Amino acid sequence: MGVLNVTPDSFSDGGRHLAVQSAVTRGLEVIEQGASFVDVGGESTRPGAAPVTTEEELRRVIPVIEALKRQTSALISVDTSTARVMSEAYQAGADLINDVRALRCDGALEVCSAMPIPVCLMHMQGEPGSMQNDPIYEDVVSDVALFLEERIRICEEAGVDRRRIIIDPGFGFGKTLMHNLSLLKNLEKFKQLGLPVLVGMSRKSMVGQVLKKPVENRVIGSVAAAVIAAMNGASIIRVHDVKQTVDAIKMTRAVMGVN
Ligand code: 9MG
């Protein structure tokens with residue numbers, strides 16, 4: 001899964017039309033590099049990020065989804081927690097909902113239960129504005145697994161078919177370095193829930209903290225994390241550096257005997 005952030009810090013400089021064009025060009029590039037999905041997001045969920053209005057999120061993501069849909073048959077994922085954005089993104093052609101808040105926002109569960117597409121439920125402790133202020137768990141692997149089990153149950157009760165659900169432990173979302181490393185090491189535990197596992201560690205601070213390197217020098221560390229995740233059962237890996245990760249995952253899968 002290739003990351004396509006459509007936030008002002010990503011594609012803003014030449015105005016709205018140019019921003020859409022450059023985002024679409026980047027989306028087509030990640031597909032060309034081997035991504036099966038493009039994850040289009042209009043809300044920054046980085047630690048400390050400010051929330052965005054629904055109208056602004058729609059203005060950012062819908063034209064990009066529509067344009068990508070016209071130009072590629074690759075799968076389009078929308079990274080959002082907002083019910084209206086989920087619904088309009090689906091009508092614009094989105095094939096997957098990626099929700100870092102696991103359908104906990106108003107109306108999200110109802111909207112998703114009425115749509116036929118898959119949904120990724122991610123674990124996050126707290127909210128992006130404050131989630132890195134001293135996150136605490138009794139046992140991070142069990143606590144996150146319990147949360148995901150509970151969200152799966154709530155989704156199923158609301159009418160979301162289990163076969164549509166993807167789960168994600170949420171690396172970097174309300175977790176210290178030790179929490180993140182422990183989740184990566186024990187990722188197989190999440191496979192036991194019987195659903196595809198998605199992970200996103202690309203360029204995140206867990207890589208920066210281990211390597212003591214700034215974001216622009218985290219490609220190799222991110223690829224290493226992707227390989228470990230694939231070996232420990234991840235089915236979808238959300239990354240910025242698609243070309244490098246695709247090669248590394250091809251090698252990993254060859255060793256694992258899967259194609
Ligand atoms: C939007 N986004 C940023 N990081 C992510 C991660 O780790 N997983 C998922 N599902 N989405 C993410």
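Visitor: How far is a polar side-chain atom of Lys-204 from an oxygen atom of the ligand?
Guide: Keep in mind that this is a predicted model. Lys-204 is one of the residues surrounding the ligand, and Asp-168 and Gly-200 are also among them. From a polar atom in the Lys-204 side chain to a ligand oxygen, the distance is 2.7 Å.

Visitor: Is Glu-43 buried or exposed?
Guide: Glu-43 sits in the loop between β2 (37-41) and α3 (54-71). Its relative accessible area is 11%, and the cut-off is under 20%. So Glu-43 counts as buried.

Visitor: Which side chain does Glu-43 join through a polar contact of 3.0 Å?
Guide: Leaving aside neighbours within four places in sequence, Glu-43 touches Thr-7, Val-52, Glu-57, Asp-79 and Arg-101. Asp-79 is also one of the residues around the ligand. The 3.0 Å side-chain polar contact, though, is with Arg-101.

Visitor: What is the orientation of α6 relative to α7?
Guide: The axes of α6 (residues 140-157) and α7 (residues 177-185) come within 9 Å and cross at roughly 70°. Angles of 65 to 115 degrees fall in one class, which makes α6 and α7 roughly perpendicular.

Conventions: Residues are numbered from 1 along each chain as its sequence is written. This is a predicted model: local features need pLDDT of at least 70, side-chain atom pairs count only at pLDDT 80 or more; totals for chains, interfaces and linings use all residues. Side-chain values use heavy atoms; hydrogens and water are left out. Axes are lines fitted to C-alpha atoms, for helices over the stretch in contact, and angles run from 0 to 180 degrees between N-to-C directions. Helices (H or I, at least four residues) and strands (E, at least two) are DSSP runs, numbered from the N terminus. Angles under 35 degrees count as roughly parallel, over 145 as roughly antiparallel, 65 to 115 as roughly perpendicular and the rest as oblique. Buried means under 20% relative accessible area, exposed over 50%, partly exposed in between (1.4 Å probe, protein chains only). A polar contact is a pair of N or O atoms within 3.5 Å; within protein, one must be able to donate a hydrogen and the other to accept it, and residues adjacent in sequence count only if both atoms are side-chain atoms. Contact means heavy atoms within 4.5 Å. A residue is near a molecule or strand if one of its heavy atoms lies within 4 Å of it.
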